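My entries follow in the order I made them.

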Amino acid sequence: MNPLPLSATLRLQFHRGFTLDQAIPYIPHLRKLGISHVIASSLLPSASDSHKSRGIVDFTHIDPDLGGLDGLRRFVHALRQERMGLILTVAPDAMNISPGNGWWRNVLRQGKRSAYAQYFDIVWSAATPGQSEKVLLPVLTSPLDAAIRCGALKLGLDETGHVEIRYGDQRYPVSSESEEALWGELNCPSPPQTDSNCESSATDRASIAPDVTLLDPGTTEGRSHLETFLAAQHYQLIEGDWTHSGASALVTLKMDRRPVFDDVHGFIFELYREGLIDGTQVDRIDRLTRPAEYCTRMRAKLDSLRRERPSHLQSQAPLFIEKSLAQDEILPLEWPVTGTTGHDFLEQVSLVLHHPDGEAPVSALWSSLGQATFGEIERATRLEALDTRFAKEFETLRTLLASDFKSNGRAADRDLDPALRAILAVFPVTRSYFADGGDSGADFRAIDRAHLAAQPLLRGDQLAAMGRICQYLADARIDTPERQNILERFESLTTQLAEEAETALARYSRLLSHNGTGGHPGRFSAGIADFHKSNEARQATHPQALLRIATPDTEWGETERGRLMVLSEPEAEWPLKAQQWLEQTRTFLTITSHGPSPVSADAYRIFQSLIASWSLEESGRTGYAERFNRSLLSALRDADQHTNWASPDESYEAACLGFAGKFITGPLQSDLSAYVTRLDNAAALNSLAQALLWMTSPGAPDLSQQDARRIFDPAAQHSTKGEHSEARQSILESIGDWKSGRGRQALIERVLTFRLSNPELFDAGRYVPCKTQGPLAEHVVAFERRSLNGSCLIVAPRLTLSLAPDDALITTHLGWTETTLSAFGSWKSLVHKNISVEGSPFSLAHLNGTIPFDILIRTG
């Protein structure tokens, strides 16, 4: 059977509690839903307590705990029965250093002699007389001698019976030479056997010879021997900030080296050649030194294997990349990829559903709380990071720049430090690609924008140094190894600093509906024309890019964000309500070292979080306080201002939790419920609008298991038994029960089914924006998806609070009659029964007195 074309995807997060075999029964249901491809989380072995794609320890086989290769074959066979495909998530930037990583342990055991020593980005110590360079491991929380003296460093046996060094739950192998010497000194055979002087059981992982003074850290002789043994290793344990707990620490892979690329991807390419996967999603592409080169290699290898695949599976492989695009950034057109994983679409939809008239009053309220703009907060978090987490990386980059400037006759003055810091603090995109051979206009514009934005941060006499740095970075005529090294380090540092946006997002609460992965909360809204422009650009360059409206990393899902979006509308009077609550909750504050707590900005954040998550049904509040408190604590610690993950301020956290608790259990609870009720119908329309635009815009909708919860959730399955009559209902009738969440779910299911049965419209059809005119023109986003065989017309609502939807989401407004759409011909509605319209243009009068959205098919 010929496979389905890429139309819509669904992500499955496999783990020990949800294996490949356990997923098989759901496949027919996914096909009926309208899914063409499953995107699987990484199926490779990972550290036990890590996120799968962040904890890979072995690239050579499928994790046996997930079903192994045989389990994958069974899963793919079931997919093929439904003509569906499989896309595998790949994380090539790093590996976990837990004991399951044989490559890394080989490096620690053999040092630079290891065949894998060049696979990792390793910090080596300087060679000393009689000793070679060592791997520096900054993992100790105290100096080495203190760790030895207090007994934190111990020797034990791994599961194979070999000696290992233990520090907490971390495990480090030892060199074979030092191990043989140790057993000789202990008079134990090697490998160890049962003996009165040594612990023999490898399975119970007991400490070695606890009664032998030779290794006793409590004695001078024991400490000396242990120090000598540690010094004989190919690595050096030192005090540092590589904070980890066994399975959560990562070591970067040198993916620009061809042998590394080949070994990391060899098994994945074999899966593709055999037809067990159909494409890949590459995580964290910008963490690679040369992402363009990587994408080119991936595409070339996948294309070269196409003819070796089964004859019916030889279409080009999808190649998606995880990349968050900064404001005004575009995906490099020269990268041979299918598209991004869709974070940019999340932002695009969010912006068009916010009311521009809300920006000034909401911004004024945020400013009145003593808070800065997002740009100012983002700069501050980057500068903090340069002084702390990335201080060594910054100093290395500054030193290399100064050295190269000096050796080539360029001035390397004292202003180099502040000038470089300023550029890094304001760099407008995740990174440039000069080190990757990039010379596009986008890279030069990024340098120019950084040059301009950094000027206010510097004195006049420091501007010349900044100009020299920018010119050096962009000058391809300087083709030297030194510049290449500097570029790689500069681009790595800007990437890491861009990820500090997560901290900035946690501190910036002007309107939380913007705070998510891929979001740029400095932008408040965008017009309908901007939405169309983004869709047209995607259709022209990456028509099969993935589309997402929520991710596991976003604090709020699309339903919660739908509520928060309503706060942008003037009719919500949100600044007034927030100021009232701030005044009414003064007695809820607790004095801490930060003064009256929570501070006003955190109280304001709590108000928004309550609005987003508050259930109007008593049954929905079971366990609510516990869930809310967990979410609030996470947000407070992520902000790293008044508390953090490393050193929690328990008194401030208790003040915040107590404040929220008093709000939801005291007299203000009724006011909260009344305000949420006021917003809720408009919020429901926002949620439906997000779903409709998601399902019909250029690209492939990318769903999560939550989006298909009627398939995966037994409770949802039970609650919808007997509802098979929905297939005979109109879309409008099927979404009537919106308060339970089934309305949005039904809309997704019905539109996906329609999309899959009309691939010519959505997979290859044109995108044609439709102009609206009349009193409600700003309340409608409309466009055609057009092919040679027909057209469909999408009409979605926006700025919905002023439309005053009732509890059935029906709006009654004479303005619908006077609002026209620039679509020509005759059309039949798939949403509203017995509705046909025609004209050039035609009126939207049929939306008056009903739910204001539509999907229409051209009939003439």
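I began with the contacts of Pro648, where contact means heavy atoms within 4.5 Å. Leaving aside neighbours within four places in sequence, I find Pro648 in contact with Arg637, Thr643 and Glu653. Pro648 sits in the loop between helix H23 (624–639) and helix H24 (650–665). Helices here are DSSP runs of H or I with at least four residues, strands are runs of E with at least two, and both are numbered from the N terminus. I also looked up Leu633, 15 residues from Pro648 along the chain; their C-alpha atoms are separated by 9.7 Å.

A note on the source: this is a predicted model, in which local features need pLDDT of at least 70 and side-chain atom pairs count only at pLDDT 80 or more, while totals for chains, interfaces and linings use all residues. Residues are numbered from 1 along each chain as its sequence is written, and side-chain values use heavy atoms, with hydrogens and water left out.

The classes are buried under 20% relative accessible area, exposed over 50%, and partly exposed in between (1.4 Å probe, protein chains only).

Next I took Gln539, which lies in helix H19 (residues 528–541). Gln539 has a relative accessible area of 17% and is buried. Setting aside neighbours within four places in sequence, its contacts are Pro698, Ala764, Gly765, Arg766, Tyr767 and Arg785.

Then the helix pair. H21 (residues 574–584) and H22 (residues 600–613) pack at an angle of about 120°, and their axes are 10 Å apart. Axes are lines fitted to C-alpha atoms, for helices over the stretch in contact, and angles run from 0 to 180 degrees between N-to-C directions. On the H21 side the contact is made by Trp574, Ala578, Trp581 and Leu582; on the H22 side, by Ser600, Ala603, Tyr604, Phe607, Gln608 and Ile611.

Last, the whole chain. I count 31 helices and 26 strands. The radius of gyration is 30 Å, close to the 29 Å from the globule rule for 860 residues, so the chain is as compact as a globular protein of that length. That radius is taken over C-alpha atoms, and the rule is 2.2 Å times the number of residues to the power 0.38. Along the principal axes, the C-alpha atoms fill a box of roughly 95 × 65 × 60 Å. Of the 860 residues, 55% count as buried.
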